[in-house]
Amino acid sequence: MSTQKISTQALHAGHDTAQTSGTRAVPIYQSSSYVFNDTEHAANLFSLKELGFIYTRLNNPTNDILQQRLAAIEGGVGAVVFASGTSAISTGLLTLLKAGDHIVASSSLYGGTFTLLNVTLPRLGITTTFVDASNPENFKEAVQENTRAFFVESLGNPKLDVLDLEAIAVHSKAAGVPFIVDNTVASPALLNPIKHGANLVIHSLTKYIGGQGNSLGGAIIDAGTFDWTNGKFPEFTEPSAGYHGLVYSETLGAAAFTFKLILEGLRDFGGALSPFNAFQIIQGLETLPIRIKQHSKNALKLAQWLESREEVAWVNYPGLESSKYNTLAKKYLSKGQSGLVTFGLKGGFEAAKKVTDATQLFSLLANIGDTKSLIIHPASTTHQQLTDEQQESSGVSKDLIRLSVGLEDIEDLKQDLQEAFKEIKTLVH
Ligand SMILES: Cc1ncc(COP(=O)(O)O)c(C=O)c1O
């Protein structure tokens, strides 16, 4: 394991310049396939006697550098990249689970993930019990004989609840199931879930890691710590019908899941990341450690300013002393609490829509983690497909506005909101 710090790893990990003709920048290998030396070489690659590139749906030299870099900064034994965060989540779950299996998940999830677990996976016989993650005991109580995974977001989008990962990890360990943590909002520069007991870490690379709002991508980082031989995962301990009798846990040890994701997950579901996007995401990753500090600083200042405004009914940011997640934030997010802030206006739903429509610097769109500031009204957009009750448990009240605070000057951001608040003067009083 490297002793280098994240700022160094974000720039260098996984890139041996001698392997890329001395290029200082990571090159884009825009090739779908790779020439074999001869048929024996090809056969060896397919049977894993030799490791190498076969076809870009499975791996690619640019993607591979990104994978090694992500594994290094999250502290895993391997990482696999995908076409989007959603592709990472769906491919990860479909590689791990089968019909009849069950997930225990936090009810506070990104809307798309909630719907995948709540509607789409049940069609395939994979069910989920959603629990209030603020009490880790709820995970223990929801465990069934067929439970095969715990799934949470370390910092929920948009509830911004900081989870007590270590307390939840105790219950996943006792249940003998992998603890999967979506670490997208916190980013690896603020929190490393593996250090707190996560077995698999997920990222939407589209957000803070890419950071510029230009490329979709996703990743799964494998801690290599889960015991696949505990009797609950025969797909890892018995010869795989899907890969000519390979016994994953025996042949690949700690990297068993990483390889299953490539050999079966990417092969069968095909959600490969374009090498061009991998290149763009690498450019973003290189500056993640300094960017996320500034996102966090701006978000805290803006949250404090919002708290002082008469138009504002409530503000939620884990870095605020007033936040009910502040104690957990001090433990898990001591370097910064990332760039998302949510707030409600005294004028409720109507006021939320008016302000969202009136901002100029904050762009109204469905994304987070861009260098530019973003604004959205989740109840009518990202979480629209949820029932009122589901919206409530995922922390989406009708009046909630979500800000993704960018890197602009804080005074300009305040000014933009102040101007937008003029639109709701009549609704406040
Ligand atoms: C926490 C979280 N996880 C996963 C995703 C899905 O990522 P993508 O949009 O890259 O598919 C999102 C998207 O907003 C997200 O916020």
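In the predicted model, five strands form an open sheet with mixed pairing, arranged in the order β8-β9-β12-β11-β10. The edges of this sheet are β8, which spans residues 312–316, and β10, which spans residues 363–364; each of these strands pairs on one side only. Strands of a sheet pair through backbone hydrogen bonds, in either a parallel or an antiparallel manner. The pairing of β8 with β9 (residues 340–345) is antiparallel and comprises four bridges. Within this pairing, W314 has G344 of β9 as its bridge partner.

For T86, a polar side-chain atom lies 2.7 Å from a ligand oxygen. For S204, the separation between a side-chain N or O atom and an oxygen atom of the ligand is 2.8 Å. For K207, a polar side-chain atom is found 3.0 Å from an oxygen atom of the ligand. The ligand taken alone exposes 390 Å², of which the protein buries 91%.

The unreviewed UniProt entry lists K207 under "modified residue: N6-(pyridoxal phosphate)lysine". In the model, K207 is located in the loop that connects β6 (200–204) to β7 (218–222). Because its relative accessibility is 17%, and the limit for a buried residue is under 20%, K207 counts as buried. When residues up to four places away in sequence are left aside, K207 touches T184, N367, I368 and G369.

Most residues other than glycine have a negative phi, and most peptide bonds are trans. The peptide bond from N157 to P158, however, is cis, with omega near 10°. P158 belongs to the loop between β4 (147–153) and α7 (165–175).

Positive phi values occur at S21 and at L48, neither of which is glycine. At S21, phi is near 55°. This serine is placed in the loop between α1 (6–12) and α2 (39–46). At L48, phi is near 65°. L48 is found in the loop that runs between α2 and α3, the latter covering residues 61–74.

Definitions and conventions:
Residues are numbered from 1 along each chain as its sequence is written. This is a predicted model: local features need pLDDT of at least 70, side-chain atom pairs count only at pLDDT 80 or more; totals for chains, interfaces and linings use all residues. Side-chain values use heavy atoms; hydrogens and water are left out. UniProt positions are given in the numbering used here, feature names are shortened, and annotations may be inferred rather than shown by experiment. Helices (H or I, at least four residues) and strands (E, at least two) are DSSP runs, numbered from the N terminus. Buried means under 20% relative accessible area, exposed over 50%, partly exposed in between (1.4 Å probe, protein chains only). Contact means heavy atoms within 4.5 Å. A polar contact is a pair of N or O atoms within 3.5 Å; within protein, one must be able to donate a hydrogen and the other to accept it, and residues adjacent in sequence count only if both atoms are side-chain atoms. Accessible areas come from the Shrake-Rupley method with a 1.4 Å probe; for residues, only the protein chains shown count as cover. Two strands pair if DSSP finds at least two bridges between them.
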